[in-house]
Amino acid sequence: MISNTAKNAGGSRVGFGTDAPDASVHVVDQSVTAIRVEEITSPSVWDLTANTTGFHLIDQKSENTPFSILSGAPTGKLILHDNGDATLGSLTVRSNGDVGIGDTTPDADFELERSSGDAILRIQSDPNNTANNIDNPFVRFAMDGNTVTSIIGQNQSNNPTFSLLTGATQDSMVIGTEQVNHLHFGTNGSVRMTLRSNGDFGIGTVDPVSALHVWTAHFPWRLWSGSQRSPTASTTLPACRRV
């Protein structure tokens, strides 16, 4: 039975709960307004609802709300979440373009968060091992119109045409720059080791001038054997020229 329905004078609009429909189909309720889609044979019930919190797509069978647009959301605000709780956001796109997974208020271009357990970002290529070892999973960092780039990833190929870096061996981990730029390693906010673009490696210096360049204010140098914390013997190196 259909009750409390109305058509406008032109007959092109239908109202449910209103006698003055403002759209082709206009549904009005005093609390939560909903449109239900239900399959009886294999029970499945989905509701499109609108209330003071926003517009929601609800799976009534599982009581999950996988899709919501919050009230007052500016252009570009989108939240996908679970368990009907926006604080458990699976995906959030803010109006400034920031994207959050597990975080409804991301403060970076991309933010991944889990309240418990490991937060894992997996990048996989050739999942079925059918690409003849030519596909590499990796991340490329770029700036200045892609004129300065660096990469971190897994090198799958022995073929130089498909290797991430020239000379990289199959199934090796790769970290490096793709232009004439240095690679720095640091701790506590400071550079501790530097690999120059020509292959020179420096410890304690950002500008190594030989294949291995070590700078330290602590002399003499010693080579220790045994445990790092419990050395059993040491050899004092001869004096070296400081450069």
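Biologist: Where is the place of Gly199?

Modeller: This is a predicted model. In it, Gly199 lies in the loop between strand S16 (190-195) and strand S17 (201-203).

Biologist: In which sense do strands S6 and S7 pair?

Modeller: A general idea comes first: side chains in a regular strand alternate between the two faces of the sheet. Here, S6 (residues 54-59) and S7 (residues 64-70) are antiparallel, with five bridges. His56 is opposite Ser68 in S7. The two strands make a hairpin with four residues between them, and Glu63 in the turn has a positive phi of about 65 degrees.

Biologist: Is Asn136 buried or exposed?

Modeller: Buried means under 20% relative accessible area. Asn136 counts as buried because its value is 14%. This residue sits in the loop between S11 and S12.

Biologist: Which backbone atoms does the side chain of Asn136 approach?

Modeller: A polar atom of that side chain is 2.7 Å from the backbone nitrogen of Gln156, and the side chain reaches the backbone oxygen of Phe162 at 2.6 Å. The residues that Asn136 touches include Ser125, Gln154 and Leu164.

Biologist: Which residues form the nonpolar patch on the surface?

Modeller: Ile101, Phe110, Leu112, Leu121 and Ile123 form it, together having about 440 Å² of accessible area. Of these, Leu121 is counted as exposed because its relative accessibility is 60%.

Notes:
Residues are numbered from 1 along each chain as its sequence is written. This is a predicted model: local features need pLDDT of at least 70, side-chain atom pairs count only at pLDDT 80 or more; totals for chains, interfaces and linings use all residues. Side-chain values use heavy atoms; hydrogens and water are left out. Two strands pair if DSSP finds at least two bridges between them. Patches are made of residues with over 30% relative accessible area and no salt bridge: like charges are joined within 9 Å, nonpolar side chains (Val, Leu, Ile, Met, Phe, Trp, Tyr) within 5 Å. Accessible areas come from the Shrake-Rupley method with a 1.4 Å probe; for residues, only the protein chains shown count as cover. A salt bridge is a side-chain nitrogen of Lys or Arg within 4 Å of a carboxyl oxygen of Asp or Glu. Buried means under 20% relative accessible area, exposed over 50%, partly exposed in between (1.4 Å probe, protein chains only). A polar contact is a pair of N or O atoms within 3.5 Å; within protein, one must be able to donate a hydrogen and the other to accept it, and residues adjacent in sequence count only if both atoms are side-chain atoms. Contact means heavy atoms within 4.5 Å. Lists of a residue's contacts leave out its neighbours within four places in sequence.
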